[in-house]
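Subject: Handing over the two-chain model

Hello,

As promised, I am passing the structure on to you, and below it I have written out what was found. Please read my notes with the model open beside them.

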Amino acid sequence: MNLIKRILGIVWIGLGSGAGIYLIYFQAVPLWAKGGNDLVPAIIYTFVLAPLISIGMSLFGYYSLQGEFDKI
Amino acid sequence: MSTKKQSLAYIISASSVGTLIEWYDFYIFGSLATVLSTKFFPTDNPTAAFLNTLATFAAGFVVRPFGALVFGRLGDLIGRKYTFMVTLMLMGGATFAIGLIPSYATIGAWAPILVLTLRLLQGLALGGEYGGAATYVAEHAPAERRGFFTSWIQTTATLGLVISLAVIMATRASMSKEAFDDYGWRIPFLVSILMVLVSLLIRKNMEESPMFAKAKAEGNISKNPLKESFGNKLNLKYVLLALFGATMGQGLVWYTGQFYAQTFLLKICNLDDIQTNMILVIGLLLGTPLFVIFGALSDKIGRKGIMMAGMIIAVFSYRPIFDQMYKTVDVTNKTVIPGSEKSILNGNTMTITKEFTDGSSYKNVITEVSTDKTESKISIKINETDQWTLVGYVFLLISFVTMAYGPIAAFLVEMFPTKIRYTSMSLPYHIGNGVFGGLMPAIATFLVSNAQTAGVVQKPYLEGLNYPIALISVCVVIGIIYIKSDKKAAS
């Protein structure tokens, strides 16, 4: 199980980074261009969800890869 | 009943009533968003319209983790009791003040700015309240029954919504539509101050949590809870695990079942608003006892299994359930009663009505806003049998909520040590519920709207579910693999 946790650590880092890129480039950027009320989801994607998922998930993955969750 | 049991019952009641009132305060803003937008956020002013969207859909939720940090820190430094007394006063004061703000027509731009500021204060207060109440009850409860006792706190969020809907419906019923739109909408906000005062009186006599009092007496409280909670890898990894392995999925199950179901029926199915609220209230009331049942069950068979089961069932049943809900309201394949279709033109408004053989009715009010723009408001009423069918679906959705949410307070409390518990459990809870969950209805509605515009998928009305299904699935994988199995509740 510990090996699975460590391997999954790479998956979480990739998933976090990928989700951050997807949210900003494919979701937020077109909304920033539209303006108006679309700025609200653009702000949420750019400043709330993308950093939270990318940084949080990547950090979780990093800890997992380092074996921090082995003894849980 | 023994003295100890009486005292615990009092502790749970006093804590739960205060938390329930905070949820009530938080929800009436959302439930009255349509009226608030006409009073404070005129659509002809783009900035005000923007602030409206921000205030209604995002601000109150996004600010909750900050409230968790501010008040969680206070709770770990000075105590649970005083901190959640402060959050209660802050919430009550902000809610009461919203009821007093003059309209945009009277004070101009100050109106939307004040409303947004007070909404932020509401979010901050809520961010501090829940962690305090859950910690306080859990620290009084015996370890082997912690799930059962904290589950009463878990019922408050649902009951808060029910009471907010009931107060609004009662206020609407007691006056004309014009009077409600003129001043009646302020009553649910103003009433809040009475509830808060009663709750403060009840909470005033409560004693500090025994675990915190003991830690304080032994000089074992944290000097810097924020640093110890998040600046220390040993604890931060648990915060991340609590977030991605539990509260993210739980928050999404909760907001999909309880709030998106309402948004879906109202905005995507175009069901009549009174019928929608009635269906929701009945479904919520029928489902509420399950919070306590699953909370108690988690003491016997463990928290993790129940929470994960709730999330897994939700992931696999969301699309079929929401699909059936849509089809139950949809009038496309229903038979129109011959001669029932009518179109009435009144000024710049065209009203089209139809009646169907199964007892359903359809009304579309099309208003010409300008020479090249019309607005359409569809409202469908369904027959009683279909209404009960929808109650059944809402009940199913709520039952998943109770599985994921019922044991979560005990689960989070058991994850962190007393001296940083308030701070450490509040942040993942409010990111999971406030950010991932709270933003869910707005994001899902946005995804549906995009899918309808693009027209490339067969069932665009289900596209909003992709967001919760994807994130809950990730949460389930993390939860199953990383969270320790707890067949016997931790002490």
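What radius of gyration does chain A have, beside that of a compact globule of 72 residues? Chain A has 15 Å, whereas such a globule would have a radius of gyration near 11 Å; the radius is taken over C-alpha atoms, and the globule rule is 2.2 Å times the number of residues to the power 0.38.

Before going on, please keep in mind that this is a predicted model, in which local features need pLDDT of at least 70 and side-chain atom pairs count only at pLDDT 80 or more, while totals for chains, interfaces and linings use all residues. Residues are numbered from 1 along each chain as its sequence is written, and chains are lettered from A and ligands numbered from 1 in the order in which they are written.

To stay with chain A, its secondary structure comes to two helices and zero strands, where helices (H or I, at least four residues) and strands (E, at least two) are DSSP runs numbered from the N terminus. The C-alpha trace of chain A spans about 50 × 15 × 15 Å along its principal axes. Of the contacts in chain A with a separation of 6 or more, 77% are between residues 24 or more positions apart; two residues are in contact if their C-beta atoms, placed from the backbone, lie within 7 Å.

Chain A also meets chain B, with 19 residues of chain B in contact with 19 residues of chain A. On the chain B side, helix H3 (46–62) is one of the elements that give two or more residues, and H3(B) gives the most, with eight residues. That side divides into 16 nonpolar, one polar and two charged residues, where Ala, Val, Leu, Ile, Met, Phe, Trp, Tyr, Cys and Pro count as nonpolar, Asp, Glu, Lys and Arg as charged, and the others, Gly among them, as polar.

Chain B itself is divided into domain 1 (1–221), domain 2 (228–331 + 380–491) and domain 3 (342–379), with bounds that come from an automatic or database domain assignment. The centres of domain 1 and domain 2 of chain B, taken over C-alpha atoms, are separated by 20 Å, and 45 residues of domain 1 are in contact with 39 residues of domain 2. On the domain 1 side of this contact, the largest share, 16 residues, comes from H8(B).

Chain B also holds an open sheet of four strands in the order E1-E2-E3-E4, with antiparallel pairing; two strands pair if DSSP finds at least two bridges between them. Its edge strands are E1 (342–346) and E4 (373–381) of chain B, each of which pairs on one side only. E1(B) and strand E2 (residues 349–355) of chain B pair over five bridges, and B:Thr351 in E2(B) is the bridge partner of B:Ile344.

Finally, please look at B:Asn270, in the loop between H13 and helix H14 (273–287) of chain B. Most residues other than glycine have a negative phi, but B:Asn270, which is not a glycine, has a positive phi of about 60 degrees. B:Asn270 counts as buried because it has 20 C-beta neighbours inside 10 Å, whereas B:Asp273, with 13, counts as partly exposed; a residue is buried if 20 or more other C-beta atoms, placed from the backbone, lie within 10 Å of its own, exposed if 12 or fewer, and partly exposed in between.

Best wishes
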